[in-house]
Amino acid sequence: MDVHPENDMTGLVLDIQRYSLDDGPGIRTTVFLKGCPLSCRWCQNPESISPAPEIGFRAERCIGCRTCQKACPADAIMFDNADRIDRGRCTACGACAEGCPSRAMFAVGKRYSISKLLEEVKRDAAFYEESGGGVTLSGGEPTLQFDFTLAFLKACKEAGLNTAIETNGLAASDNLRKLLPYLDRIYFDLKIINSVEHQRLTGADNRQILENARMLVECRAPVDFRLPVVPSMTANKANISEIGVFLKKVGVREIGLCPYHENWVTKLSWLGRRDSPPAELQKPLTSEELLSVIDMFSQEGINARSVEGEIAAR
Amino acid sequence: MTTITKQRRALSQRLQHMRRRVIDAPRELGIVRVREVTNAIRNNRDLPRIIQFALGVRETLKKLPIDISDSELIVGKSTEKFKGSALYPELKSDGLIKELDNFNERTSMQFKLTDEEKRELREDILPFWDGTSGFDKWAKQLDKDTDFLVRNLAIIPFNDFQGSTGLSYVDYRKVLENGYEGIIGEAQARLAGVSNGGPEAEDKRAFYKAVIIAAEGVIELAKRHSRLASEMARTAPSEERAKELREIAEICAQVPAKPARTFREAVQSFWFTFCGLQQMDMPMELPGARIDQYLYPFYRRDVKEGRLSREDAQEFIDELFVRFNQVVFLGEYVITRVVDGNSTRFDLTLGGVDRDGKDATNELSYVFLDAADAVRLLHPSVTIRLHPDTPESFFQAVGEVMTNGSNVVQVFNDNVIVESFTRVGVPVEDARDYVLTGCIQPLSGNMYGPSCSVFFNGPKILEMFLNGGKPILSLAGDDADMPSPEYESWEDFYAAFKDYYRSVLERAFSQYRLVGDIQRRDLPNPVLSPLVPGSLERGKDVKAGGALNNASGIALVGNGTLIDSLAAIRDVVYTKKSHTLDEVVGWLKTDFEYNEEERQALRNHAPKFGTCDSRADEIAKDLVDFTDELLLSQPKTSRGGAHVLSMHTEAHHIYQGSMVAASADGRHAGEAMSPGCGPTSGMDKEGPTASMQSVCAMDFTKMAGGSSYNQRYSPKMFDTEQGVQAFISLLKAYFFKLGGQHLQISTVDTETLRDAQKNPAKYEDLLVRVTGYSARFVELTEATQEEIIARSEICGC
């Protein structure tokens, strides 16, 4: 049924989320591409970091039928192991996930051709049209699969869809420039200005990121900066003041805030990870914390607002 | 992005008090009506049935004890009790007789009656109806094969003996503009014009006489209130109240006998008319119709002439909303299950296009919408008609009320409904004048049309098809272990299934014609008929086909479950060929006892309706097209109208589901089936846009009987203006781009519902939409509560 033109490349897609309201104007479909050059300690989608397919396991769904064990060609299913999967042997071929009746085993990352992915996102075209919405590419870091991202955005534009991207900014400047003609909106994360801190908490240097941020503003790209508001890690006085200074220097007076949610922590066990994040990441951001960040920005002369809407008084 | 501050308008002190009282009051049985109607028949054995009924109604309205409570401005009740149900054993008496001792005690929807009332019913009134009610007469004619289908709940073809006959267009304008004296005058003139001789002329004469007698009854009810108000004014506790009572006396002297002169008289005239209509046919689904339309001329004139402000009008309408809640209906045990939590549907229809196709939304549309939001009681049901030219401000107001957690309104798409009626031969002007009745049944202008007369249990039919024509699960002891059929291909299988489905449906129709004959002969309605255009002109009761437009309908129950089951069989048996049909049926027979692995695979890997999966959606579309063709090919109904298809379930999907064996979608025996026309609860995992597109694979212009489509949202989706606007866009696209027919949402999160189960006292005000109606969550049975919790919570995460 699928159309596969000869040169139709594929990308590794983590998830496709429809009726997405926080990733740009209107009703949107957000496509999460797998793979990220950063590994932020607070990453709420740890399954998006690795650029390779993985297998997840949700123990609470398992009915113990052992279909996975029979299906696995690598002999990587261990029923006496709480994680169930011997990650050293697993090749992430997906045979276990395909056979698992209760979806306890599931593939993390699925390959899509451009045409197939376009077909998926076009399903909600009627809703985009009515609401001024469209497609948002997110991740992981979508520019990591650059050729796919470029081709997909082109295809979206040819199909008349509004497009947006969510990027952490760690990409070759030339690559970002190549995407610009096909993007209606760029949501650019500014996480930490201090390069040592950035290196420590995200695992990467931030010079390229800041340079790209400046470049996008200079070439008048439709860019909105965003800050993941993570207790103590990004939401501290020094960082916010430095972000404020940076923004003013490039001539921007606004920033969107993405409140931290802690509910990703359970996902670690699905990936067989035993490590547990530091205590400050195990609780949600409170509305007071968010309000104080907004306040700190306003002292810097920056208008900050939550991308999820103001905290509602219920 | 702005956060919405959800300020709910506070009711006036007076209405807060009235609202509290109606919530706290127990349901009671009123027996004056059944006493008088029964006596009228006993004492006038030689008169035609329609005159017997009319005499009974007139006596009831003459004798009904009346009162005017403290601060009310709208007066009149349909029974002698504060919150009362009349009894209608002429429709169906067996449940009343059997359960008489139980109405006080049962766990859901209790009704109070005194020992003396119980004695009178048991000894004097109900024996008269034992074996002679309309239902009894129908049941006696049941053939063996139909009885088999009925007792196994494959079809329920006798809904017209349980209140669905209230599904009628009602022309209240006629009373408001001409008064009941005008109706009597018209009937007298037509009576005088009936030419001599012949049984038809006799019928006509009886009809006109009955209309006159019943109308006299309604006039008398009002006059009695006028006299009472005058008396009470003399001893009123304050001059202010005395003045109000004198006004009431004056209003009740005028209406509904004579034309209404003011907005307030028009509201009172409507209310007396409504109370009168309650005297026949157990009209628990009788519509208030397009009340923003027929009251508007009175409103506009009063405002223009300085007699009325919008605030005054709001106060009257708020009171009217509270008053609706004093009319309740006793149902036998089964009724409390199938309409769990709320048996009454008094629909008010707001907005939409007029008879010429132009937008008809007016200031009263907003006043009524506001009343629904502020009063937040179960009744009346408020339905909003939307079309592409609905003013944006009304869209915004509707979007706001739908998303604020009040859970009291539903919306319909004019484009689809109008076309669905013109398709079955209704003139376009009448089609545009449609009103909502029952839960979700549209009726065109001038239409009499019980459109949920037959409930058709698709998953049960499939169960029997898979088991050689016998049920796998049967409370009647009909279950049997039969060999499953064998087919070479999906096409052969599906064609054979449709043949079987057709045969059951045709049997249901033939039964329904019998029901119609009994309704025509034994259960005429002299109160309703003059208010349904066509009936007076033709000298024919509505039950005999007097209305200008006629329809009756069949409701498919468990549609999503049926689609998913068929899609699963196709996938497993005929596409992947991983199991034989015999194996699959074997799992169903044992309720998957040894096949949890297979059950999980069916649930998680087979195609599901509601996920935009063409393998399920094309079956959905085909079943509607097929049923539609079947309906169009049927002979006309006993009233000369069309059979129309509807897809709403009330709580039938839960009640009937409890008697359906395991199904091939991975559902366990006895679990709830899918609600309304939508996907199985919890199976629409791709979000609202996917679910809507699946649902719209069905051609809703082929569902003139209406449909109910439910979604549940987390309140946090609507914390922001952005969330509300996205919802309004979603609704517009669903209606005007995809061709959706109906939508109702409950805005409540799972956590709240779970907490309400544990602490019901904290949540007595929490309303939820079941399917086409609202109910108090804490009053629902556990099975229904669980089904609502199982609905996917749309939370954007």
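Predicted model: local features only at pLDDT ≥ 70, side-chain atom pairs only at ≥ 80, totals over all residues.

Me: What is the mean pLDDT of chain A?

Reply: pLDDT is the predictor's confidence in each residue, from 0 to 100. For chain A the mean is 92, and 96% of its residues reach 70 or more. Over residues 1-6 of chain A, pLDDT stays under 50.

Me: In which order do the nine strands of the open sheet in chain A stand?

Reply: Strands of a sheet pair through backbone hydrogen bonds, either parallel or antiparallel. Here two strands count as paired if DSSP finds at least two bridges between them. The order in chain A is 5-1-2-6-7-8-9-10-11, with mixed pairing. Strand 5 (110-113) and strand 11 (303-306) of chain A are at the edges with a single partner strand each, so one side of each lacks a neighbour in the sheet. Within this sheet, strand 6 (residues 134-138) and strand 7 (residues 162-167) of chain A run parallel and are joined by four bridges; Leu137(A) stands opposite Ile165(A) in strand 7 of chain A.

Me: Which strands stand at the edges of the six-stranded sheet in chain B?

Reply: That open sheet has the order 4-5-6-14-13-17 in chain B, again with mixed pairing. Its edges are strand 4 (347-351) and strand 17 (793-794) of chain B; each has a single partner strand, so one side of each is left without a neighbour in the sheet. Strand 13 (residues 710-713) and strand 14 (residues 742-747) of chain B pair in the parallel sense over four bridges, and Gln711(B) stands opposite Ile745(B) in strand 14 of chain B.

Me: How many residues does the largest nonpolar core have?

Reply: In soluble globular proteins, nonpolar side chains tend to be buried together. A nonpolar core is a set of buried Ala, Val, Leu, Ile, Met, Phe, Trp, Tyr and Cys residues joined through side-chain atoms within 4.5 Å; buried means under 20% relative accessible area, exposed over 50%, partly exposed in between (1.4 Å probe, protein chains only). The largest core has 267 residues, and those with the most contacts inside it include Tyr19(A), Phe263(B) and Leu295(B). Its largest share, 17 residues, comes from helix 9 (residues 198-234) of chain B. A second, separate core of 71 residues includes Cys40(A) and Phe246(A).

Me: How far apart are the C-alpha centres of the two domains of chain A?

Reply: Domain bounds come from an automatic or database domain assignment. For chain A it gives domain 1 (10-51 + 109-237 + 263-275) and domain 2 (55-107). Their C-alpha centres lie 29 Å apart.

Me: Is Gly166(B) buried or exposed?

Reply: Gly166(B) counts as buried, at 2% relative accessibility. Its place is in the loop between strand 3 (155-156) and helix 8 (172-192) of chain B.

Key. Residues numbered from 1 in each chain as written. Chains lettered and ligands numbered in written order. Heavy atoms only, no water. Helix = DSSP H or I, 4+ residues; strand = E, 2+ residues; numbered from the N terminus. Contact = heavy atoms within 4.5 Å.
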